[in-house]
Amino acid sequence: MIEKQYTASRSGLFLIELILSIFFFIVAAAIVMQLFVKSHFISEDTININHALLHTQNIAEIFLAANGDFSTIEQIFGTEMLSDAEGITAVLYFDKDWKQQNTQTDAVYMAVLDFTTVKENGPYACLNICIKEYGLEHDNTTDCIHQQKIIKYTGGSCNG
């Protein structure tokens, strides 16, 4: 009769050890899953930054090759430019795969192009490019995925 009690307590210890091992592996699996999800989001952000950088560089190179002529960008990208007292603004739209869209309907990202010309100390043209998620306010440049300011310099400097 004493042997049966001893056998029962050994199996109870084994069951407790098995439960603790399962609990440890569940906690470890949860931590590893969080790491995989976090790495996926970092990868998506990196892809978006790379695409934004590529489009910004393309626009900047076209602007510089056209000697600061804003209408060249309008012709190449097929976008309308809006003029106001501060300068000229154009918006390019991109879908989730970073392909340029003609309309806003499938837009996920947008490139806001602000052009200004200044004639003080000699003429020069400035282009400010901000690529961000579609729908974010135009004035808030802190939400840009990538931002670049280009100056076609012939004298003076751009303020800001």
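A: Helices (H or I, at least four residues) and strands (E, at least two) are DSSP runs, numbered from the N terminus. The model is predicted, so local features need pLDDT of at least 70 and side-chain atom pairs count only at pLDDT 80 or more, while totals for chains, interfaces and linings use all residues. Residues are numbered from 1 along each chain as its sequence is written, and side-chain values use heavy atoms, with hydrogens and water left out.

First, the setting. The chain has two helices and six strands. Read from the N terminus, the order of its elements is α-α-β-β-β-β-β-β. Of its 160 residues, 29% count as buried, a word that stands for under 20% relative accessible area, with exposed meaning over 50% and partly exposed in between (1.4 Å probe, protein chains only). A contact means heavy atoms within 4.5 Å. Among the chain's contacts with a separation of 6 or more, 44% are between residues 24 or more positions apart.

Ala60 itself is counted as buried because its relative accessible area is 5%. Setting aside the neighbours within four places in sequence, Ala60 is in contact with Ile129 and Ile150. Gln148 is 88 residues from Ala60 along the chain, yet their C-alpha atoms are separated by 8.4 Å.

Strand β5 takes in residues 124–133 and is mostly covered, with nine of its ten residues buried. Two strands pair if DSSP finds at least two bridges between them. On one count, β5 is joined by ten bridges to β4 (residues 109–118), and the two run antiparallel.

From β4 the pairing goes on to β2. Seven bridges link β2 and β4, and these strands too run antiparallel.

What follows β2? The loop between β2 and β3 holds Asp95, and Trp98 lies in that loop as well. Asp95 is classed as buried because its relative accessible area is 14%. Apart from neighbours within four places in sequence, Asp95 is in contact with Gln101, Asp106, Val108 and Tyr109. Tyr134 is 39 residues from Asp95 in sequence, and the two are 9.4 Å apart in space, C-alpha to C-alpha. Trp98 has a relative accessible area of 5%, and therefore counts as buried. Its phi is positive, about 65°, although Trp98 is not a glycine.

β2 (87–94) and β3 (100–101) also meet at an opening: each supplies at least two residues of the lining of the second largest pocket. A pocket is, on a 1 Å grid over the protein atoms alone, an open set of points where a 1.4 Å probe fits, with protein on both sides within 12 Å along at least five of seven lines; lining residues have an atom within 4 Å of a point. The volume of this pocket is about 200 Å³; grid points are joined across faces, edges and corners, and the volume is the space filled by probe spheres set on them. The lining has 15 residues, and the closest to the pocket centre are Thr79, Glu80, Val91, Tyr93 and Asn102. β2 gives the most to this lining, with five residues. By class, the lining has six nonpolar, eight polar and one charged residues. Ala, Val, Leu, Ile, Met, Phe, Trp, Tyr, Cys and Pro count as nonpolar, Asp, Glu, Lys and Arg as charged, and the others, Gly among them, as polar.
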